[in-house]
Amino acid sequence: LKMKGFEEDQSPKEPEQAWLVLDNRELQSRAKFMRKRKTKQELNFHPSETVAWGQQVFGIDLGDGWFVDESGLYLPTAIDGFRVLFRKEELQEPDVTLRSVPEEHEEPQDCEAIEE
């Protein structure tokens, strides 16, 4: 049996370690931080370990809705359907704001065309 887009010699990729940013844009929580979990259970909070919004964390996205940091503690990648962990590149705003160009481009009144 062959699955579309999957070749026989391919094996599932190992999760890679990465820096992710804890971001509150989607969730809009009033809390100033998120508590780490001791296990992959939503309410199994660590008594003192937290991550502030905007802080980077290093570890592995396990691909099952959980991220494990280098100390072995867990953070959910989403809460109530809202993502909270992102790669830094996903959060960066574009450097240039694109504006729509009017269909009929007119030369400004105070400029003259330069002929070469």
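## Contacts along the chain

Of the contacts in the chain between residues at least 6 apart in sequence, 55% join residues at least 24 apart; a contact here means heavy atoms within 4.5 Å. This is a predicted model, in which local features need pLDDT of at least 70, side-chain atom pairs count only at pLDDT 80 or more, and totals for chains, interfaces and linings use all residues. Residues are numbered from 1 along each chain as its sequence is written, and side-chain values use heavy atoms, leaving out hydrogens and water.

## Elements and surface

The chain has 116 residues, and 25% of them are buried. Buried stands for under 20% relative accessible area, exposed for over 50%, and partly exposed for anything in between (1.4 Å probe, protein chains only).

## A buried aspartate

Have a look at Asp 69, in strand 5 (residues 66–69). Asp 69 counts as buried because its relative accessibility is 9%. Its side chain makes a polar contact of 2.5 Å with that of Lys 36 and another of 2.7 Å with that of Ser 71. A polar contact is a pair of N or O atoms within 3.5 Å, where, within protein, one must be able to donate a hydrogen and the other to accept it, and residues adjacent in sequence count only if both atoms are side-chain atoms. Leaving aside residues up to four places away in sequence, Asp 69 touches Lys 36, Phe 58 and Gly 59.

## Two loop residues with positive phi

Most residues other than glycine have a negative phi. Gln 28, in the loop between strand 1 and strand 2 (33–37), has a positive phi near 60 degrees. Gln 28 counts as exposed because its relative accessibility is 58%.

Asp 80 also has a positive phi, about 50 degrees, although it is not a glycine. You can find Asp 80 in the loop between strand 7 (78–79) and strand 8 (82–83). With a relative accessible area of 70%, Asp 80 is exposed.

Note on methods
Helices (H or I, at least four residues) and strands (E, at least two) are DSSP runs, numbered from the N terminus.
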